[in-house]
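Dear colleague,

I am handing over the structure below, and after it I set out what I found there. Please read the notes with the model open beside you.

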Amino acid sequence: TAVKGRNIDGTEFMISTAPVANAKVKVYNSAGSVYREGVTNPNGIYLIGGLNVGTYFVDIDALGYPLITMPNVPVAVANQTNYAPDVYLAAGGKVEGTVRSITGQVVVGAYIEIFEKMPYGDYEWRRSGMSDNTGRYSIPDLQAGIYKIEVTPPATLGLMKFTREGIIIEAGKVFMVDLVLGSGGSIVGTVSDYMGLPVVSAKVHIEQKLQDKYEYRTSAFTV
């Protein structure tokens, strides 16, 4: 249905081409902030109005299906409907497993995030979850692709944050990933100037090498 104005209009279908109702549709501006949002109607149709001329990212999040992102959706001139591509949703894959410490104890309350590898090489956040009172976690509704998992244990346990890359998710399948967290080590040193005198309040960053790049872990100041 064409509606005049600055809008994004489209339709969502499940893989059998039946419409998907009540799917959440979010429109992000170039700064990455949610600019407008809405839901699909019983016919799977959505219409997001009140948009300025420009280019947007559109996220489609339907219960039981992977999160879908459409980048570079254009909104052209006023008094014109801007049609986004129709979206076809397929059953997603799932990653699940148990979080344990290096001593074999289950880790309760670990915060688990999963990121999808994009064509340009960076990762984008997709879903998150927590390990339960048995250390188990399950993150469903992931579209087929390559992912990484980041696990942040409760601060009181003295365990290190853990990252695993290269997780391959296939549609409709479960990928089992048991996660083992080690205890934290320490780095001790002295920061001096060219005369050999200690430098107070210098900020020291610690980054961990993961394959071909480094990721920030923590920081501290000299005393």
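In this predicted model, the side chain of Ser101 makes a polar contact with the side chain of Thr103 at 2.8 Å (a polar contact being a pair of N or O atoms within 3.5 Å, where within protein one must be able to donate a hydrogen and the other to accept it, and where residues adjacent in sequence count only if both atoms are side-chain atoms). Ser101 belongs to strand β9, residues 93-101 (strands are DSSP runs of E with at least two residues, numbered from the N terminus), and its relative accessibility of 10% makes it count as buried (buried means under 20% relative accessible area and exposed over 50%, with partly exposed in between, for a 1.4 Å probe and protein chains only).

Glu37, by contrast, counts as exposed at 55% relative accessibility, and it lies in strand β3. Its C-alpha atom is separated by 9.1 Å from that of Gly49, 12 residues apart along the chain.

Strand β3 is also part of an open sheet of 4 strands, in the order β3-β2-β5-β6 and with antiparallel pairing (two strands pair if DSSP finds at least two bridges between them). Because β3 (34-39) and β6 (68-75) are at the edges and have a single partner strand each, one side of each is left without a neighbour in the sheet. Neighbouring strands of this sheet are turned by 25 degrees against each other on average, direction ignored (the axes are lines fitted to C-alpha atoms, and angles run from 0 to 180 degrees between N-to-C directions). Between β2 and β5 there are 5 bridges in the antiparallel sense, and Val25 has Ile60 of β5 as its bridge partner.

The second largest pocket holds about 320 Å³ of space (a pocket is an open set of points on a 1 Å grid over the protein atoms alone, where a 1.4 Å probe fits, with protein on both sides within 12 Å along at least five of seven lines, and lining residues have an atom within 4 Å of a point; the volume is the space filled by probe spheres set on the points, which are joined across faces, edges and corners). Of its 16 lining residues, Tyr28, Asp59, Leu67, Thr69 and Arg126 are the closest to its centre. At least two lining residues come from each of β2 (24-28), β5 (54-61) and β11 (123-130), and β11 gives the most, with 4 residues.

Residues are numbered from 1 along each chain as its sequence is written, and side-chain values use heavy atoms, with hydrogens and water left out. Local features need pLDDT of at least 70 and side-chain atom pairs count only at pLDDT 80 or more, whereas totals for chains, interfaces and linings use all residues.

With best regards
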